[in-house]
Amino acid sequence: MANHTNVIELRDVSLTLESGAGPVNILKEINFTIQQGQSVGIVGPSGSGKSSLMSVMTGLEQATTGDVIIDGLSYTGADEDTLARHRLKNVGIVMQAFHLIPTMTALENVAVPLELAGVNDAFDLAAKELELVGLAHRMEHYPTQLSGGEQQRVALARALVPQPALLYGDEPTGNLDGQTGRAVIDLIFELARERSSTLILVTHDPALADRCDRVISMGDGHIIDDTGDTSSVTGDTDAVSQVTSK
Ligand SMILES: Nc1ncnc2c1ncn2[C@@H]1O[C@H](COP(=O)(O)OP(=O)(O)OP(=O)(O)O)[C@@H](O)[C@H]1O
Ligand SMILES: [Mg+2]
């Protein structure tokens, strides 16, 4: 894969969706770039557009206007097939609800993305990933036979097993008690750092956001604060990368 320092680029992105009461402007004039390996917390009140922003970045929702470029691919106007393949390989997502397949064991759940990608040793790799999240002894358990924290660790293993450049979490600990949630979060930061994955974490928890390299605050569909806003020094960073690439 080509070397993209900016793994996520959003340019003048808006999102307008239809509702019964007419069109709703959910995201407005969103601009930012995120560098490979950065951890970014996204915070803001309920309804401010955090999950919608995630949907646009993960390609689950097409931006109404503007450009969304993820790891070198323009998500704007890309066909479903290209998007799905790109997501499978480059993007891991962990949500508040675990979304495990109830009729599959932990091991089978984690193997799914690899099997979809046609990987031969899917089950070996899935088993290794489950070991990394501390579930070597629970591989043959079905989701209903696992605690909430264990289910979320299975979901995390499933998100990470394709070695995605990008890991997204939308309130990934929202359904867990404080202690279990902290353990899962520690694991997310640890595994993301080990692999130099870019981590995008939507959270209501300011303490959690503070653990990230950068915090983007949403309000009413706008970015109202961005601790990593480099737009004023874009020219400088370009100059630096030109010099260092010589
Ligand atoms: N499919 C949709 N059609 C119309 N409006 C929508 C749709 N999805 C979300 N919205 C609206 O967009 C706004 C932003 O929603 P979003 O889910 O992104 O908020 P959020 O910041 O993630 O909130 P929360 O913290 O409660 O999860 C909300 O006002 C919501 O009602
Ligand atoms: Mg949300």
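## Helices α3 and α4

In this predicted model, helix α3 passes α4 in a right-handed crossing. Helix α3 covers residues 106-116, and α4 covers residues 122-132. The two pack at an angle of about 125°, and their axes are 8 Å apart. That angle makes α3 oblique to α4.

The residues that meet can be listed from each side. From α3 come Ala106, Leu107, Val110, Ala111, Leu114 and Glu115. From α4 come Ala122, Phe123, Leu125, Ala126, Ala127, Glu129 and Leu130.

Helix α6 runs from residue 178 to residue 194, which gives 17 residues. From first C-alpha to last, α6 reaches 24 Å, close to the 24 Å expected at 1.5 Å a residue.

The buried residues of α6 are Gly181, Val184, Ile185, Ile188, Leu191 and Ala192. Seen down the helix axis, these buried residues fall within an arc of 135°, so they line one face of α6. The face turned away from that buried side carries Gln179, Asp186, Glu190, Arg193 and Glu194, which are exposed.

Among the strands are β3 (39-43), β7 (166-170) and β8 (198-202). The helices include α4, α5 (148-160) and α7 (206-210). After α6 comes Ser196, with a positive phi near 55°.

## Helices α5 and α6

One of the elements covering the buried residues of α6 is α5. The two helices pack at an angle of about 15°, with 10 Å between their axes. Angles under 35 degrees count as roughly parallel, and α5 and α6 are therefore roughly parallel to each other. The crossing of α5 past α6 is right-handed.

On the α5 side, the contact is made by Gly148, Gly149, Gln152, Arg153, Leu156 and Leu160. On the α6 side, Thr180, Ala183, Val184, Leu187, Ile188 and Leu191 take part. Among these, Val184, Ile188 and Leu191 are also buried residues of α6.

## Helix α1

Helix α1, residues 50-57, is mostly covered, with seven of its eight residues buried. The buried residues are Lys50, Ser51, Ser52, Leu53, Met54, Val56 and Met57. Gly59 follows α1 and has a positive phi, near 80°.

## Two loop residues with positive phi

His99 lies in the loop between β6 (91-95) and α3. Its phi is positive, about 55°, although His99 is not a glycine. His99 counts as partly exposed because it has 13 C-beta neighbours inside 10 Å.

Glu171 is found in the loop between β7 and α6. Glu171 is not a glycine either, yet its phi is positive, at about 45°. With 19 C-beta neighbours inside 10 Å, Glu171 counts as partly exposed. A residue needs 20 or more such neighbours to be buried.

## Thr16 in strand β1

Thr16 belongs to strand β1, which spans residues 6-19. There are 14 other C-beta atoms within 10 Å, so Thr16 is partly exposed. Apart from neighbours within four places in sequence, Thr16 is in contact with Pro23, Val24, Asn25, Ile26 and Thr64.

Thr16 and Ser147 are 131 residues apart along the chain, and their C-alpha atoms are separated by 38 Å.

Terms used:
Residues numbered from 1 in each chain as written. Chains lettered and ligands numbered in written order. Predicted model: local features only at pLDDT ≥ 70, side-chain atom pairs only at ≥ 80, totals over all residues. Helix = DSSP H or I, 4+ residues; strand = E, 2+ residues; numbered from the N terminus. Expected span 1.5 Å × (residues − 1). Buried ≥ 20, exposed ≤ 12 C-beta atoms within 10 Å, placed from the backbone. Arc of directions from axis to C-beta. Contact = placed C-beta atoms within 7 Å. Axes fitted to C-alpha atoms, helices over the stretch in contact; angles between N-to-C directions. Parallel < 35°, antiparallel > 145°, perpendicular 65-115°, else oblique. Left-handed = near helix turned anticlockwise from the far one by under 90°.
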